[in-house]
Amino acid sequence: MPTKQPNHTPRVKLKRIENPTTTSRIHPAMRNFGNAGTAATGDEFATIQRAANLVQPGDTIYVKAGTYTTSHIASYSGAVELSAAGTSTSPITLRNYQKDTVVVDAQGKQFYGLRLGNPILSTEAPARNVVVTGLRFTGAKRNGIYIHKPDNVAIRDCWAYDNNRDVLY
């Protein structure tokens, strides 16, 4: 299993299509995003969750090689949570960068490696129009991947292993 290299901070790139009629690009610049609450063209993040919190329909989150862990306190959550929904013509994509090996390790602290959608009643959101490609999920108390009320969700070339229950729920 790949591990984080010393002095190597995994980076997460958010690709945003500013105008669907123009050619989009991967934004390579590291920017100071602070707590602004929005993602700007060119933003690069140290965590998958930060990008997932800001993603919009049509965005692609590219994750570079490394092992990513969670900072969530609540054990019923996912190591990575993606509650935003894409559209049928502009899905949200979460994927490895090029052919990088990306591991999301819940470290036995979280119910899920990846939670798509939000099952919390006060803010319930089904998982809609999401594509996840090329990631590995391990160490969850329950499932490697949990999809809440899926609608047009694709999981491709992903691995879920060493989780306490089923791979996918």
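Reader: Which residue in β6 does valine 63 stand opposite?

Author: This is a predicted model in which local features need pLDDT of at least 70 and side-chain atom pairs count only at pLDDT 80 or more, while totals for chains, interfaces and linings use all residues. Residues are numbered from 1 along each chain as its sequence is written, and side-chain values use heavy atoms, with hydrogens and water left out. Strand β3 (residues 60–63) pairs with β6 in the parallel sense over four bridges, where pairing requires that DSSP finds at least two bridges between two strands. The residue in β6 opposite valine 63 is asparagine 96.

Reader: Which residue in β9 stands opposite arginine 95?

Author: β6 also pairs in the parallel sense with strand β9 (residues 128–133), over four bridges. Opposite arginine 95 in this pairing stands threonine 133.

Reader: Why is strand β6 largely enclosed by the rest of the structure?

Author: Buried means under 20% relative accessible area, with a 1.4 Å probe and protein chains only. Strand β6 (residues 92–96) is largely enclosed because its buried residues number four of the five.

Reader: How many strands are there in the protein?

Author: Helices (H or I, at least four residues) and strands (E, at least two) are DSSP runs, numbered from the N terminus. Along the sequence the pattern reads β-β-α-β-β-β-β-β-β-β-β-β-β-β. Besides one helix, the count of strands is 13.

Reader: What percentage of the contacts with a separation of 6 or more comes from residues 24 or more positions apart?

Author: A contact means heavy atoms within 4.5 Å. Among contacts in the protein with a separation of 6 or more, the share from residues 24 or more positions apart is 67%.

Key: Buried means under 20% relative accessible area, exposed over 50%, partly exposed in between (1.4 Å probe, protein chains only).
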